[in-house]
Amino acid sequence: MSISSALSNAMSGLSVTSRMAEVVSSNLSNALTDGYGRRSLDLSARQVGGVGAGVQIDGVNRFVDAGLLADRRLADAALGGQERSAGMLVRLEQTLGGPDDAASLEARLARFEQALISASSDPASETRLAEVLSRLEDVTATLRNNTTTIQSLRQEADVNIENDINTLNAALLQVEAMNTDILRLKSTGADVSTLLDSRQQVVDKIADIVPVREIPRDNGTIGLMTTNGTTLLDGRAVQFGFEPTPTIVADMTLASGALSGITRDGIPLDAATGVGRLDGGSLGASFALRDQTLVDAQGALDGIAADLVARFEDPNNDPTLAPGDVGLLTDEGGTLDLADIPGLAGRVSVNPVVDPAQGGVLTLLRDGLNATALGPAGSAIQLDRWIGALSETRNDLPGSAARSAAGRMADFTSQIGSSRLAAQETLSFTAARWDTLHEAELAMGVDTDLELQNLLRVEQAYAANAKVIQTVDFMMQRLMEI
(Lines give C-alpha, C1' and ligand atoms only; values in the text may rest on other atoms or scores of the structure.)
Protein backbone atom coordinates (compact mmCIF):
# COMPACT_ATOMS: atom_id res chain seq x y z
CA MET A 1 0.00 0.00 0.00
CA SER A 2 1.30 3.41 -0.90
CA ILE A 3 1.61 6.24 1.57
CA SER A 4 -1.08 8.15 -0.29
CA SER A 5 -3.48 5.18 -0.04
CA ALA A 6 -2.83 4.88 3.68
CA LEU A 7 -3.52 8.57 4.10
CA SER A 8 -6.73 8.30 2.04
CA ASN A 9 -7.94 5.33 4.11
CA ALA A 10 -7.25 7.14 7.36
CA MET A 11 -8.98 10.32 6.16
CA SER A 12 -12.10 8.35 5.17
CA GLY A 13 -11.99 6.65 8.57
CA LEU A 14 -11.86 10.00 10.36
CA SER A 15 -14.79 11.28 8.28
CA VAL A 16 -16.93 8.22 9.01
CA THR A 17 -16.12 8.11 12.72
CA SER A 18 -16.98 11.81 12.99
CA ARG A 19 -20.35 11.07 11.39
CA MET A 20 -20.81 8.07 13.69
CA ALA A 21 -20.12 10.26 16.73
CA GLU A 22 -22.79 12.67 15.46
CA VAL A 23 -25.33 9.83 15.11
CA VAL A 24 -24.53 8.39 18.55
CA SER A 25 -24.81 11.81 20.19
CA SER A 26 -28.16 12.36 18.46
CA ASN A 27 -29.41 9.02 19.81
CA LEU A 28 -28.30 9.84 23.34
CA SER A 29 -29.76 13.34 23.36
CA ASN A 30 -33.14 12.04 22.07
CA ALA A 31 -33.35 8.96 24.26
CA LEU A 32 -36.53 10.31 25.91
CA THR A 33 -38.01 12.03 22.85
CA ASP A 34 -41.36 10.57 21.72
CA GLY A 35 -41.39 9.71 18.05
CA TYR A 36 -37.61 9.56 17.73
CA GLY A 37 -36.28 6.56 15.79
CA ARG A 38 -32.83 5.29 16.76
CA ARG A 39 -30.22 5.81 14.01
CA SER A 40 -27.21 3.87 12.84
CA LEU A 41 -24.91 4.16 9.84
CA ASP A 42 -24.69 1.66 7.01
CA LEU A 43 -20.98 1.31 6.13
CA SER A 44 -19.14 -0.50 3.36
CA ALA A 45 -15.56 -0.76 2.10
CA ARG A 46 -14.75 1.76 -0.61
CA GLN A 47 -12.79 0.60 -3.63
CA VAL A 48 -11.14 2.54 -6.41
CA GLY A 49 -9.87 0.54 -9.36
CA GLY A 50 -10.23 -2.71 -7.45
CA VAL A 51 -8.02 -1.38 -4.66
CA GLY A 52 -9.27 -0.63 -1.16
CA ALA A 53 -9.73 3.09 -0.60
CA GLY A 54 -11.08 3.24 2.94
CA VAL A 55 -14.69 3.23 4.15
CA GLN A 56 -17.84 4.92 2.93
CA ILE A 57 -21.32 5.72 4.32
CA ASP A 58 -24.09 4.00 2.37
CA GLY A 59 -26.91 5.57 4.34
CA VAL A 60 -28.56 6.19 7.69
CA ASN A 61 -30.82 3.52 9.15
CA ARG A 62 -33.80 4.55 11.30
CA PHE A 63 -35.10 1.75 13.52
CA VAL A 64 -38.86 1.59 14.25
CA ASP A 65 -40.96 -1.48 14.99
CA ALA A 66 -43.81 -0.89 12.55
CA GLY A 67 -46.09 -3.53 14.10
CA LEU A 68 -45.64 -2.21 17.63
CA LEU A 69 -46.11 1.36 16.44
CA ALA A 70 -49.38 0.42 14.70
CA ASP A 71 -50.71 -1.31 17.83
CA ARG A 72 -49.75 1.62 20.04
CA ARG A 73 -51.54 4.03 17.70
CA LEU A 74 -54.72 1.98 17.91
CA ALA A 75 -54.35 2.12 21.69
CA ASP A 76 -53.92 5.91 21.37
CA ALA A 77 -57.30 6.16 19.65
CA ALA A 78 -59.04 3.94 22.20
CA LEU A 79 -57.46 5.84 25.10
CA GLY A 80 -58.37 9.23 23.63
CA GLY A 81 -61.98 8.19 23.23
CA GLN A 82 -62.28 6.62 26.67
CA GLU A 83 -60.66 9.59 28.40
CA ARG A 84 -63.13 11.95 26.79
CA SER A 85 -66.15 9.77 27.61
CA ALA A 86 -65.14 9.04 31.20
CA GLY A 87 -64.14 12.63 31.88
CA MET A 88 -67.48 14.01 30.73
CA LEU A 89 -69.50 11.39 32.62
CA VAL A 90 -67.58 12.17 35.81
CA ARG A 91 -68.41 15.86 35.39
CA LEU A 92 -72.06 15.02 34.68
CA GLU A 93 -72.38 12.92 37.83
CA GLN A 94 -70.62 15.55 39.94
CA THR A 95 -72.94 18.27 38.66
CA LEU A 96 -76.17 16.28 39.01
CA GLY A 97 -75.13 14.97 42.42
CA GLY A 98 -75.14 11.50 43.92
CA PRO A 99 -77.61 9.96 46.36
CA ASP A 100 -75.91 11.62 49.34
CA ASP A 101 -75.60 15.06 47.73
CA ALA A 102 -77.86 17.67 49.33
CA ALA A 103 -78.25 19.43 45.96
CA SER A 104 -79.28 16.30 44.05
CA LEU A 105 -82.74 15.75 42.64
CA GLU A 106 -83.37 12.87 45.07
CA ALA A 107 -82.50 15.05 48.05
CA ARG A 108 -84.69 17.91 46.78
CA LEU A 109 -87.66 15.57 46.39
CA ALA A 110 -87.08 14.09 49.85
CA ARG A 111 -87.14 17.57 51.41
CA PHE A 112 -90.32 18.41 49.49
CA GLU A 113 -91.96 15.26 50.86
CA GLN A 114 -90.78 16.13 54.38
CA ALA A 115 -92.29 19.61 53.98
CA LEU A 116 -95.61 18.02 52.96
CA ILE A 117 -95.54 15.75 56.02
CA SER A 118 -94.73 18.72 58.24
CA ALA A 119 -97.58 20.76 56.72
CA SER A 120 -99.95 17.80 57.09
CA SER A 121 -99.31 17.80 60.84
CA ASP A 122 -100.36 21.48 61.04
CA PRO A 123 -102.44 22.40 57.94
CA ALA A 124 -103.38 25.80 59.33
CA SER A 125 -99.75 26.99 59.35
CA GLU A 126 -99.08 29.19 56.33
CA THR A 127 -95.39 29.04 57.22
CA ARG A 128 -95.40 25.30 56.64
CA LEU A 129 -97.42 25.69 53.44
CA ALA A 130 -94.85 28.25 52.26
CA GLU A 131 -92.13 25.71 53.01
CA VAL A 132 -93.96 23.18 50.78
CA LEU A 133 -94.03 25.71 47.93
CA SER A 134 -90.36 26.57 48.41
CA ARG A 135 -89.28 22.92 48.40
CA LEU A 136 -91.37 22.19 45.31
CA GLU A 137 -89.76 25.14 43.53
CA ASP A 138 -86.37 23.67 44.50
CA VAL A 139 -87.35 20.45 42.71
CA THR A 140 -88.40 22.23 39.52
CA ALA A 141 -85.33 24.49 39.61
CA THR A 142 -83.08 21.42 39.94
CA LEU A 143 -84.79 19.81 36.96
CA ARG A 144 -84.19 22.93 34.90
CA ASN A 145 -80.58 23.26 36.08
CA ASN A 146 -79.86 19.63 35.29
CA THR A 147 -81.27 20.13 31.82
CA THR A 148 -78.99 23.14 31.34
CA THR A 149 -76.01 21.08 32.51
CA ILE A 150 -76.70 18.23 30.10
CA GLN A 151 -77.22 20.54 27.15
CA SER A 152 -74.05 22.50 27.95
CA LEU A 153 -72.12 19.23 27.93
CA ARG A 154 -73.65 18.38 24.56
CA GLN A 155 -72.58 21.82 23.38
CA GLU A 156 -69.06 21.12 24.63
CA ALA A 157 -69.03 17.80 22.77
CA ASP A 158 -70.04 19.66 19.61
CA VAL A 159 -67.14 22.08 20.07
CA ASN A 160 -64.79 19.14 20.65
CA ILE A 161 -65.92 17.65 17.34
CA GLU A 162 -65.13 20.90 15.55
CA ASN A 163 -61.69 21.09 17.18
CA ASP A 164 -60.91 17.46 16.31
CA ILE A 165 -61.91 17.98 12.67
CA ASN A 166 -59.75 21.12 12.42
CA THR A 167 -56.79 19.29 14.00
CA LEU A 168 -57.29 16.27 11.75
CA ASN A 169 -57.44 18.35 8.58
CA ALA A 170 -54.34 20.37 9.53
CA ALA A 171 -52.39 17.22 10.46
CA LEU A 172 -53.27 15.48 7.20
CA LEU A 173 -52.02 18.49 5.23
CA GLN A 174 -48.80 18.40 7.26
CA VAL A 175 -48.25 14.73 6.44
CA GLU A 176 -48.90 15.45 2.76
CA ALA A 177 -46.30 18.24 2.81
CA MET A 178 -43.78 16.04 4.63
CA ASN A 179 -44.31 13.26 2.11
CA THR A 180 -43.38 15.72 -0.63
CA ASP A 181 -40.27 16.91 1.23
CA ILE A 182 -39.14 13.35 1.99
CA LEU A 183 -39.55 12.31 -1.63
CA ARG A 184 -37.56 15.33 -2.85
CA LEU A 185 -34.73 15.02 -0.32
CA LYS A 186 -34.47 11.27 -0.68
CA SER A 187 -33.93 11.63 -4.42
CA THR A 188 -30.86 13.76 -3.67
CA GLY A 189 -29.42 11.20 -1.25
CA ALA A 190 -29.97 13.42 1.79
CA ASP A 191 -30.76 12.00 5.24
CA VAL A 192 -34.53 12.27 5.86
CA SER A 193 -34.55 10.74 9.37
CA THR A 194 -35.53 14.00 11.07
CA LEU A 195 -38.46 14.43 8.71
CA LEU A 196 -39.52 10.84 9.41
CA ASP A 197 -39.50 11.61 13.14
CA SER A 198 -41.63 14.70 12.60
CA ARG A 199 -44.04 12.82 10.37
CA GLN A 200 -44.42 10.07 12.95
CA GLN A 201 -45.31 12.65 15.61
CA VAL A 202 -47.97 14.19 13.37
CA VAL A 203 -49.46 10.77 12.59
CA ASP A 204 -49.50 10.07 16.34
CA LYS A 205 -51.60 13.23 16.75
CA ILE A 206 -54.04 11.91 14.13
CA ALA A 207 -54.17 8.57 15.98
CA ASP A 208 -55.60 10.29 19.06
CA ILE A 209 -58.58 11.44 16.99
CA VAL A 210 -59.27 8.44 14.75
CA PRO A 211 -57.85 4.90 14.67
CA VAL A 212 -55.32 5.05 11.83
CA ARG A 213 -53.20 2.60 9.85
CA GLU A 214 -50.02 3.73 8.11
CA ILE A 215 -49.41 2.33 4.61
CA PRO A 216 -45.72 2.62 3.61
CA ARG A 217 -44.77 3.34 -0.02
CA ASP A 218 -41.56 2.31 -1.77
CA ASN A 219 -40.48 5.94 -2.25
CA GLY A 220 -40.50 6.75 1.47
CA THR A 221 -43.95 8.35 1.50
CA ILE A 222 -46.94 6.92 3.35
CA GLY A 223 -50.68 6.65 2.97
CA LEU A 224 -53.14 6.79 5.86
CA MET A 225 -56.40 4.92 6.33
CA THR A 226 -58.72 4.27 9.25
CA THR A 227 -59.07 0.73 10.51
CA ASN A 228 -62.59 0.68 9.04
CA GLY A 229 -61.34 1.49 5.56
CA THR A 230 -61.83 5.25 5.19
CA THR A 231 -58.97 6.83 3.24
CA LEU A 232 -57.37 9.80 4.99
CA LEU A 233 -54.36 10.34 2.75
CA ASP A 234 -53.36 8.71 -0.51
CA GLY A 235 -51.05 11.14 -2.25
CA ARG A 236 -53.50 13.94 -1.44
CA ALA A 237 -54.87 14.65 2.02
CA VAL A 238 -58.62 14.23 2.41
CA GLN A 239 -60.34 17.23 4.03
CA PHE A 240 -63.41 16.76 6.20
CA GLY A 241 -66.12 19.26 7.03
CA PHE A 242 -68.26 19.95 10.09
CA GLU A 243 -70.72 22.73 10.92
CA PRO A 244 -70.83 23.49 14.67
CA THR A 245 -74.14 24.37 16.27
CA PRO A 246 -74.04 27.66 18.25
CA THR A 247 -76.70 26.61 20.77
CA ILE A 248 -77.99 23.12 21.50
CA VAL A 249 -81.30 22.47 23.25
CA ALA A 250 -82.88 19.21 24.35
CA ASP A 251 -85.00 18.53 21.26
CA MET A 252 -82.12 19.08 18.80
CA THR A 253 -80.76 15.82 17.40
CA LEU A 254 -78.70 14.57 14.50
CA ALA A 255 -81.67 12.57 13.21
CA SER A 256 -83.86 15.68 13.02
CA GLY A 257 -81.19 17.52 11.02
CA ALA A 258 -80.71 20.12 13.74
CA LEU A 259 -77.14 18.94 14.45
CA SER A 260 -74.32 18.43 12.00
CA GLY A 261 -72.40 15.30 11.07
CA ILE A 262 -69.07 15.01 9.28
CA THR A 263 -68.91 15.56 5.55
CA ARG A 264 -66.33 14.62 2.95
CA ASP A 265 -66.40 16.84 -0.12
CA GLY A 266 -69.79 18.08 1.07
CA ILE A 267 -71.27 14.57 1.29
CA PRO A 268 -72.27 13.23 4.74
CA LEU A 269 -70.17 10.27 5.85
CA ASP A 270 -73.07 8.66 7.68
CA ALA A 271 -76.45 10.27 8.20
CA ALA A 272 -77.28 7.87 11.05
CA THR A 273 -74.20 8.32 13.26
CA GLY A 274 -72.61 11.49 11.89
CA VAL A 275 -69.10 10.08 12.29
CA GLY A 276 -69.29 7.03 10.03
CA ARG A 277 -66.09 5.02 9.76
CA LEU A 278 -64.07 7.66 11.62
CA ASP A 279 -65.37 6.20 14.88
CA GLY A 280 -63.02 4.76 17.49
CA GLY A 281 -61.06 7.73 18.86
CA SER A 282 -61.83 11.02 20.57
CA LEU A 283 -63.89 12.13 17.55
CA GLY A 284 -66.21 9.14 17.78
CA ALA A 285 -66.48 9.55 21.55
CA SER A 286 -67.68 13.15 21.15
CA PHE A 287 -70.40 12.06 18.72
CA ALA A 288 -71.49 9.27 21.08
CA LEU A 289 -71.69 11.74 23.98
CA ARG A 290 -73.54 14.41 22.02
CA ASP A 291 -76.02 12.14 20.26
CA GLN A 292 -76.42 9.10 22.53
CA THR A 293 -75.14 9.17 26.11
CA LEU A 294 -76.25 12.70 27.01
CA VAL A 295 -79.46 12.40 24.99
CA ASP A 296 -80.33 9.28 27.01
CA ALA A 297 -79.58 11.15 30.23
CA GLN A 298 -81.85 14.00 29.15
CA GLY A 299 -84.56 11.50 28.21
CA ALA A 300 -84.43 9.97 31.68
CA LEU A 301 -84.61 13.43 33.25
CA ASP A 302 -87.58 14.35 31.05
CA GLY A 303 -89.22 11.10 32.15
CA ILE A 304 -88.88 12.20 35.78
CA ALA A 305 -90.43 15.57 34.97
CA ALA A 306 -93.31 13.96 33.05
CA ASP A 307 -93.91 11.56 35.94
CA LEU A 308 -94.17 14.42 38.45
CA VAL A 309 -96.45 16.52 36.23
CA ALA A 310 -98.73 13.52 35.64
CA ARG A 311 -98.98 12.73 39.37
CA PHE A 312 -100.00 16.24 40.31
CA GLU A 313 -102.53 16.81 37.52
CA ASP A 314 -104.32 13.51 38.14
CA PRO A 315 -107.88 14.19 39.47
CA ASN A 316 -107.47 11.17 41.75
CA ASN A 317 -104.79 13.12 43.61
CA ASP A 318 -106.72 16.40 43.59
CA PRO A 319 -110.52 15.99 43.27
CA THR A 320 -110.93 19.71 42.53
CA LEU A 321 -109.30 19.11 39.12
CA ALA A 322 -111.17 17.97 36.06
CA PRO A 323 -109.47 15.89 33.35
CA GLY A 324 -107.34 18.23 31.24
CA ASP A 325 -106.92 20.83 33.99
CA VAL A 326 -103.45 22.14 34.81
CA GLY A 327 -102.06 20.51 37.95
CA LEU A 328 -99.62 21.53 40.65
CA LEU A 329 -96.74 21.25 38.13
CA THR A 330 -97.04 22.56 34.58
CA ASP A 331 -95.28 22.43 31.24
CA GLU A 332 -94.66 26.18 30.97
CA GLY A 333 -98.22 26.77 32.18
CA GLY A 334 -99.80 23.93 30.19
CA THR A 335 -100.71 20.33 30.83
CA LEU A 336 -98.56 17.30 30.10
CA ASP A 337 -98.31 16.51 26.38
CA LEU A 338 -96.93 13.01 25.82
CA ALA A 339 -96.09 14.00 22.24
CA ASP A 340 -93.80 16.79 23.46
CA ILE A 341 -91.64 15.17 26.13
CA PRO A 342 -88.08 16.12 24.94
CA GLY A 343 -86.83 19.04 27.05
CA LEU A 344 -89.76 18.89 29.48
CA ALA A 345 -87.43 18.95 32.50
CA GLY A 346 -86.21 22.36 31.35
CA ARG A 347 -89.76 23.71 31.03
CA VAL A 348 -91.44 22.36 34.18
CA SER A 349 -92.66 24.94 36.67
CA VAL A 350 -94.94 25.30 39.70
CA ASN A 351 -98.53 26.33 38.97
CA PRO A 352 -98.67 30.07 39.74
CA VAL A 353 -102.13 29.73 41.38
CA VAL A 354 -100.40 28.58 44.59
CA ASP A 355 -97.61 31.18 44.51
CA PRO A 356 -98.41 34.44 46.31
CA ALA A 357 -95.50 36.12 44.51
CA GLN A 358 -97.40 35.57 41.24
CA GLY A 359 -100.82 36.49 42.57
CA GLY A 360 -101.69 33.00 43.74
CA VAL A 361 -103.16 31.70 46.99
CA LEU A 362 -100.96 29.55 49.22
CA THR A 363 -103.90 27.79 50.92
CA LEU A 364 -104.84 26.08 47.65
CA LEU A 365 -102.06 23.63 48.52
CA ARG A 366 -104.26 22.56 51.44
CA ASP A 367 -107.69 22.93 49.82
CA GLY A 368 -107.07 21.85 46.19
CA LEU A 369 -105.96 23.87 43.17
CA ASN A 370 -109.46 24.64 41.88
CA ALA A 371 -111.12 25.11 45.28
CA THR A 372 -113.68 27.91 45.06
CA ALA A 373 -113.88 28.58 48.77
CA LEU A 374 -111.55 28.47 51.70
CA GLY A 375 -111.57 24.98 53.22
CA PRO A 376 -111.23 23.95 56.86
CA ALA A 377 -107.93 25.23 58.19
CA GLY A 378 -107.30 22.00 60.08
CA SER A 379 -107.95 19.64 57.18
CA ALA A 380 -104.90 17.72 55.95
CA ILE A 381 -106.79 15.57 53.44
CA GLN A 382 -105.37 17.23 50.32
CA LEU A 383 -101.85 17.41 51.73
CA ASP A 384 -102.05 13.69 52.43
CA ARG A 385 -103.19 13.15 48.83
CA TRP A 386 -100.03 14.96 47.63
CA ILE A 387 -97.93 12.69 49.86
CA GLY A 388 -99.73 9.64 48.48
CA ALA A 389 -99.22 10.88 44.92
CA LEU A 390 -95.45 10.80 45.44
CA SER A 391 -95.41 7.25 46.81
CA GLU A 392 -97.86 5.86 44.24
CA THR A 393 -96.33 3.38 41.77
CA ARG A 394 -97.25 4.42 38.23
CA ASN A 395 -95.97 4.57 34.67
CA ASP A 396 -97.55 7.43 32.73
CA LEU A 397 -94.95 7.29 29.95
CA PRO A 398 -95.46 4.45 27.42
CA GLY A 399 -92.76 1.82 27.83
CA SER A 400 -91.53 3.06 31.20
CA ALA A 401 -91.39 0.89 34.30
CA ALA A 402 -93.84 1.51 37.13
CA ARG A 403 -92.07 3.42 39.90
CA SER A 404 -92.71 5.80 42.76
CA ALA A 405 -91.42 9.33 42.27
CA ALA A 406 -88.42 8.65 44.50
CA GLY A 407 -87.82 5.30 42.81
CA ARG A 408 -87.72 6.89 39.37
CA MET A 409 -85.19 9.47 40.58
CA ALA A 410 -83.09 6.73 42.19
CA ASP A 411 -83.08 4.87 38.87
CA PHE A 412 -81.84 8.02 37.14
CA THR A 413 -79.04 8.56 39.65
CA SER A 414 -78.09 4.89 39.42
CA GLN A 415 -78.05 5.06 35.61
CA ILE A 416 -75.66 8.00 35.61
CA GLY A 417 -73.42 6.38 38.23
CA SER A 418 -73.35 3.05 36.40
CA SER A 419 -72.44 4.73 33.11
CA ARG A 420 -69.64 6.63 34.79
CA LEU A 421 -68.33 3.53 36.54
CA ALA A 422 -68.40 1.46 33.33
CA ALA A 423 -66.57 4.21 31.45
CA GLN A 424 -63.89 4.46 34.14
CA GLU A 425 -63.39 0.69 34.21
CA THR A 426 -62.97 0.62 30.45
CA LEU A 427 -60.60 3.58 30.68
CA SER A 428 -58.50 1.76 33.30
CA PHE A 429 -58.13 -1.29 31.06
CA THR A 430 -57.38 0.83 27.98
CA ALA A 431 -54.80 2.91 29.86
CA ALA A 432 -53.06 -0.24 31.14
CA ARG A 433 -52.86 -1.63 27.62
CA TRP A 434 -51.54 1.67 26.29
CA ASP A 435 -48.89 1.80 29.03
CA THR A 436 -47.73 -1.71 28.14
CA LEU A 437 -47.42 -0.91 24.44
CA HIS A 438 -45.75 2.43 25.15
CA GLU A 439 -43.17 0.80 27.42
CA ALA A 440 -42.50 -1.86 24.78
CA GLU A 441 -42.01 0.90 22.22
CA LEU A 442 -39.58 2.71 24.48
CA ALA A 443 -37.68 -0.53 25.04
CA MET A 444 -37.19 -0.75 21.28
CA GLY A 445 -35.82 2.78 21.26
CA VAL A 446 -32.45 4.15 22.31
CA ASP A 447 -30.41 1.97 24.67
CA THR A 448 -28.12 4.51 26.35
CA ASP A 449 -25.72 1.83 27.65
CA LEU A 450 -25.25 0.43 24.16
CA GLU A 451 -24.85 3.90 22.68
CA LEU A 452 -22.14 4.76 25.22
CA GLN A 453 -20.33 1.56 24.27
CA ASN A 454 -20.61 2.57 20.64
CA LEU A 455 -19.23 5.97 21.52
CA LEU A 456 -16.17 4.35 23.11
CA ARG A 457 -15.61 2.30 19.97
CA VAL A 458 -15.97 5.42 17.85
CA GLU A 459 -13.39 7.16 20.04
CA GLN A 460 -10.98 4.25 19.62
CA ALA A 461 -11.47 4.13 15.86
CA TYR A 462 -10.99 7.88 15.63
CA ALA A 463 -7.77 7.68 17.63
CA ALA A 464 -6.52 4.81 15.47
CA ASN A 465 -7.17 6.69 12.23
CA ALA A 466 -5.57 9.80 13.67
CA LYS A 467 -2.52 7.69 14.61
CA VAL A 468 -2.26 6.47 11.01
CA ILE A 469 -2.28 10.06 9.76
CA GLN A 470 0.32 10.99 12.36
CA THR A 471 2.50 8.06 11.23
CA VAL A 472 2.15 9.00 7.56
CA ASP A 473 3.12 12.55 8.45
CA PHE A 474 6.22 11.30 10.26
CA MET A 475 7.16 9.11 7.28
CA MET A 476 6.73 12.02 4.88
CA GLN A 477 8.94 14.22 7.04
CA ARG A 478 11.69 11.56 7.12
CA LEU A 479 11.50 11.27 3.36
CA MET A 480 11.89 15.03 3.04
CA GLU A 481 14.97 14.88 5.29
CA ILE A 482 16.76 12.32 3.07
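A polar contact here is a pair of N or O atoms within 3.5 Å, where one must be able to donate a hydrogen and the other to accept it. Keep that in mind; we will need it for a serine. One caution before we start: this is a predicted model.

Let's take the whole chain. It has 10 helices and 11 strands. Its C-alpha trace spans about 140 × 45 × 35 Å along the principal axes. The radius of gyration is 36 Å, whereas a compact globule of 482 residues would come in near 23 Å. Of those 482 residues, 42% are buried. Now the contacts with a separation of 6 or more: 65% of them join residues 24 or more positions apart. The accessible surface is about 23,000 Å², and carbon and sulfur atoms supply 53% of that.

Next, helix 6, residues 282–312. How far apart are its end C-alpha atoms? The answer is 43 Å. At 1.5 Å a residue, its 31 residues should span 45 Å, so the two values agree. Still, helix 6 has a kink of about 45 degrees, centred on leucine 289. And 24 of its 31 residues are buried, so helix 6 is largely enclosed by the rest of the structure.

Now the serine. Serine 193 sits in helix 5, which covers residues 193–209. Is serine 193 buried or exposed? Buried: its relative accessible area is 2%, and the cut-off is under 20%. Which side chain does its own side chain meet in a polar contact? That of aspartate 191, at 2.8 Å. Leaving out residues up to four places away in sequence, serine 193 touches Arg39, Val60 and Arg62.

Note on methods
Residues are numbered from 1 along each chain as its sequence is written. This is a predicted model: local features need pLDDT of at least 70, side-chain atom pairs count only at pLDDT 80 or more; totals for chains, interfaces and linings use all residues. Side-chain values use heavy atoms; hydrogens and water are left out. Helices (H or I, at least four residues) and strands (E, at least two) are DSSP runs, numbered from the N terminus. The expected span of a helix is 1.5 Å times one less than its number of residues. The bend at a residue is the angle between axes fitted to the seven residues ending there and the seven starting there. Buried means under 20% relative accessible area, exposed over 50%, partly exposed in between (1.4 Å probe, protein chains only). The radius of gyration is taken over C-alpha atoms; the globule rule is 2.2 Å times the number of residues to the power 0.38. Contact means heavy atoms within 4.5 Å. Accessible areas come from the Shrake-Rupley method with a 1.4 Å probe; for residues, only the protein chains shown count as cover.
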